[in-house]
Amino acid sequence: QGVEIISSEKLAALCSVNPAQIRKDLAYFGEFGVRGVGYYVKDLLFEIRKILGLNKEWNLGIVGTGNLGTALIGHENFLKQGYRFVAAFDNDPTKFARALPNGLKVYDIKEVKRIKDEVGMEIGVITTPASRAQEVANRLVEAGIRGILNFAPVRIHVPANCEVEYVDFTIRLDSLTYRLSVED
């Protein structure tokens, strides 16, 4: 928005927290502001992106090329945020070698290790049915993947050196319907 310097008060108002919390949270990672002046927005954004690991492009591989998987691959915000799909996998032989809308070829999930190494895949995205998610997670972990974004509606078990984030649309809907019902 063209803002060069922002105060902790303004940041706090934008985030709906108090200014002391903003200063405390940012101080945890280093000294970014100038007392009495505020934060240089460009520098602060750079540092926050670095802290969050967003200062580089991340290579994703998706497992499950049905409706959800294909929709995610085509979602333009992934690339805008630095997430690039570099591989796609499925267990349906009729999908192998098929080109997806973004040009990716669909591989057999059994080839995940080889393809991961070829394309530098770092994060696995699971969009399979719940019944297949654990098997897929096992294959991803065996291939050396240390981060998984799981859209399957089931908890998966991975070793401690692998991070998992869950995306469950029903939880978001539950939150929404709760807020709507409280308003009544």
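Biologist: What volume does the largest pocket have?
Modeller: About 540 Å³. This is a predicted model, where local features need pLDDT of at least 70, side-chain atom pairs count only at pLDDT 80 or more, and totals for chains, interfaces and linings use all residues. Residues are numbered from 1 along each chain as its sequence is written, and side-chain values use heavy atoms, with hydrogens and water left out.

Biologist: What counts as a pocket here?
Modeller: On a 1 Å grid over the protein atoms alone, a pocket is an open set of points where a 1.4 Å probe fits, with protein on both sides within 12 Å along at least five of seven lines; lining residues have an atom within 4 Å of a point. Grid points are joined across faces, edges and corners, and a volume is the space filled by probe spheres set on the points.

Biologist: Which residues lie nearest the centre of the largest pocket?
Modeller: Trp58, Ile123, Gly147, Ile148 and Glu163, out of 22 lining residues.

Biologist: And which strands supply at least two residues of that lining?
Modeller: S4 (58–63), S7 (123–126), S8 (147–150) and S9 (163–166) each do. Strands are DSSP runs of E with at least two residues, helices are runs of H or I with at least four, and both are numbered from the N terminus.

Biologist: How do the lining residues of the largest pocket divide by class?
Modeller: 13 nonpolar, 4 polar and 5 charged. Ala, Val, Leu, Ile, Met, Phe, Trp, Tyr, Cys and Pro count as nonpolar, Asp, Glu, Lys and Arg as charged, and the others, Gly among them, as polar.

Biologist: What about the second largest pocket, what's its volume?
Modeller: About 370 Å³. The lining there has 15 residues, with Arg23, Gly33, Val34, Arg35 and Tyr39 nearest the centre. By class they are 5 nonpolar, 6 polar and 4 charged.

Biologist: Switching topic. Where is threonine 127?
Modeller: In the loop between S7 and helix H7 (130–142).

Biologist: Buried or exposed?
Modeller: Threonine 127 is buried, because its relative accessible area is 12% (buried is under 20%, exposed over 50%, partly exposed in between, with a 1.4 Å probe and protein chains only).

Biologist: What is threonine 127 in contact with?
Modeller: Ile62, Val63, Gly64, Leu68, Gly69, Leu72 and Phe151, leaving aside neighbours within four places in sequence; contact means heavy atoms within 4.5 Å. A polar atom of the threonine 127 side chain also lies 2.6 Å from the backbone oxygen of glycine 64.

Biologist: How many residues of S5 are buried?
Modeller: 6 of the 8 in S5 (83–90), so the strand is largely enclosed by the rest of the structure. S4 and S5 run parallel, joined by 6 bridges, and valine 63 has phenylalanine 89 in S5 as its bridge partner. S5 also pairs with S6 (106–108) in the parallel sense over 3 bridges, where pairing takes at least two DSSP bridges.

Biologist: Last one: what is phi at serine 16?
Modeller: Near 60°, a positive value in a residue other than glycine. Serine 16 sits in the loop between H1 and H2 and is exposed at 67% relative accessible area.

Notes: Polar contact = N/O pair within 3.5 Å; in protein donor to acceptor, adjacent residues only side chain to side chain.
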